[in-house]
Amino acid sequence: MKQWHNSDPSDFSRRLRREKTAGVLLILLGILLSGVGFAVRLTHPEQDETFHFAWQLFAALAPALCLSYGVPLLLRAQRLLGRPFYQDQARIEQEDERALLIDQKAWAGAGRLLTGALALGMLAALALVQLAVFWTCFALFLLLRGSWWLLRRRYWEQM
Amino acid sequence: MTQKKQTLEQRLRRKLLVDVVLVAVVFALFLAQTFFLNFRLPGVRPAWYVLCYVWMFTFEFPRLDHIRRLRRALRNPVYLEKARQEEDDERRQLIERLAWEGTGKLLSWALLAAMLVALPLARLELFWTCLGVYLLLWGSWWLLRRYYWERM
């Protein structure tokens with residue numbers, strides 16, 4: 001069976017450095033997307049209010065999503081890289097079998113719940129003739145079941 | 001775990017009851033929807049066919065097969081023993097959980113990407129649907145993790 005977390009401390013340091021880089025890149029992407037969002041308002045003054053409302057939402061939400069992932073990733077990596085003792089603790093935490101089991105069981109439950117919710121969402125969307133919502137739910141449903149099936153069959157079953 | 005306190009037959013009977021009720025509810029819902037939908041509106045008919053095929057092949061046909069296997073296990077001791085072995089198969093359970101975990105992580109990123117694409121294109125229905133599904137995924141994961149599995 002594949003080991004998810006390599007127990008070698010030097011590998012864990014490398015992983016932390018990669019996480020730090022990813023955090024920096026995500027923060028930069030957030031700033032860039034925010035800039036693009038606001039620039040559109042200035043460069044397209046002829047467009048209607050709906051268009052500008054969507055771009056304002058984009059300019060606010062895209063950086064928020066990027067920063068919500070990037071900042072904790074960067075701060076954690078930065079904190080752990082300077083402190084070997086805490087790094088060791090974090091490595092042990094990542095290898096904690098109980099934590100891994102709880103995580104997996106929560107994912108399995110969430111996945112099953114979501115499958116049912118998407119199917120019901122399709123049924124409701126069709127009854128309300130909201131076809132955009134219907135096709136979005138359908139695409140997400142296919143993605144969920146398709147990736148589950150592929151991962152199960154082509155990846156984990158062959159381990 | 002409360003599951004361990006019940007006997008295998010009790011668990012199978014409970015599963016059988018749940019499956020039968022679900023099949024009945026689903027068929028009633030679909031029948032009601034057939035009369036309720038306005039098929040003259042453009043796009044409704046293909047969406048209805050897609051929904052019927054997807055739902056039946058994903059949920060109902062496997063559920064009907066499950067009902068058949070449960071009834072067989074409850075009647076025949078050989079199949080009952082097989083059901084017990086299947087329930088205890090740790091490798092199969094691990095594979096299922098790992099596949100769900102990978103799928104959940106993939107889907108989270110796909111939803112974020114879709115939200116980022118939907119907004120610049122001003123497709124707000126798409127954006128809100130993806131945000132709703134994203135919150136549902138993470139919310140249910142968080143609730144299950146914190147209030148159910150962590151307390152076991």
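How far apart are the end C-alpha atoms of helix α6 (residues 124-147) of chain B? They are 33 Å apart, and this agrees with the 34 Å that its 24 residues should span at 1.5 Å a residue. The expected span is 1.5 Å times one less than the number of residues, and helices (H or I, at least four residues) and strands (E, at least two) are DSSP runs numbered from the N terminus.

Let me state the conventions. This is a predicted model, in which local features need pLDDT of at least 70 and side-chain atom pairs count only at pLDDT 80 or more, while totals for chains, interfaces and linings use all residues. Residues are numbered from 1 along each chain as its sequence is written, chains are lettered from A and ligands numbered from 1 in the order in which they are written, and side-chain values use heavy atoms, with hydrogens and water left out.

I remain with α6(B). Its buried residues include Leu124(B), Phe127(B), Cys130(B), Tyr134(B), Trp141(B) and Arg145(B). Buried means under 20% relative accessible area, exposed means over 50%, and partly exposed lies in between, with a 1.4 Å probe and protein chains only. Against what do these buried residues pack? They pack against α2 (49-81), α4 (97-127) and α5 of chain A, together with α5 of chain B. Contact here means heavy atoms within 4.5 Å.

Arg84(B) belongs to helix α4 (residues 77-88) of chain B, and its relative accessibility of 37% is why it counts as partly exposed.

Chain B contains 6 helices and 0 strands, in the order α-α-α-α-α-α along the sequence. Chain A contains 5 helices and 0 strands, and its elements run α-α-α-α-α from the N terminus.

What radius of gyration does chain B have? The value is 20 Å, whereas a compact globule of 152 residues would have one near 15 Å. Along the principal axes, the C-alpha trace spans about 60 × 40 × 25 Å in chain B and about 55 × 40 × 25 Å in chain A.

Buried residues make up 37% of the 152 residues in chain B and 39% of the 159 residues in chain A. Among contacts with a separation of 6 or more, residues 24 or more positions apart account for 56% in chain B and 65% in chain A.

Next, the aromatic rings. A pair of aromatic rings is described by the distance of the centres and the angle of the planes. Rings of Phe, Tyr and Trp (its six-membered ring) pair if their centres lie within 6.5 Å; planes under 30 degrees apart count as stacked, over 60 as edge-to-face and the rest as tilted. Over all chains, the count comes to 17 aromatic pairs. In one of them, the rings of Trp148(A) and Trp100(B) have centres 5.4 Å apart and planes at 35°, so the pair is tilted. Trp148(A) lies in helix α5 (residues 131-155) of chain A and Trp100(B) in helix α5 (residues 90-118) of chain B, so this pair joins two chains. Both residues are buried.

Ring pairs also link Phe141(A), Phe30(B), Phe39(B), Trp48(B), Trp55(B) and Phe59(B) into a cluster.

Two charges over rings deserve mention, the criterion being NZ of Lys or CZ of Arg within 6 Å of the ring centre and within 35 degrees of the ring normal. Arg145(A) lies over the face of Trp148(A), 5.2 Å from the ring centre. The charged end of Arg72(B) sits over the ring of Tyr79(B), at 3.9 Å from its centre.

Finally, a backbone detail. Val129(A), in the loop between α4 and α5 of chain A, is not a glycine but has a positive phi of about 50°. With a relative accessible area of 34%, Val129(A) is partly exposed.

How values were computed: Rg over C-alpha atoms; globule rule 2.2 N^0.38 Å.
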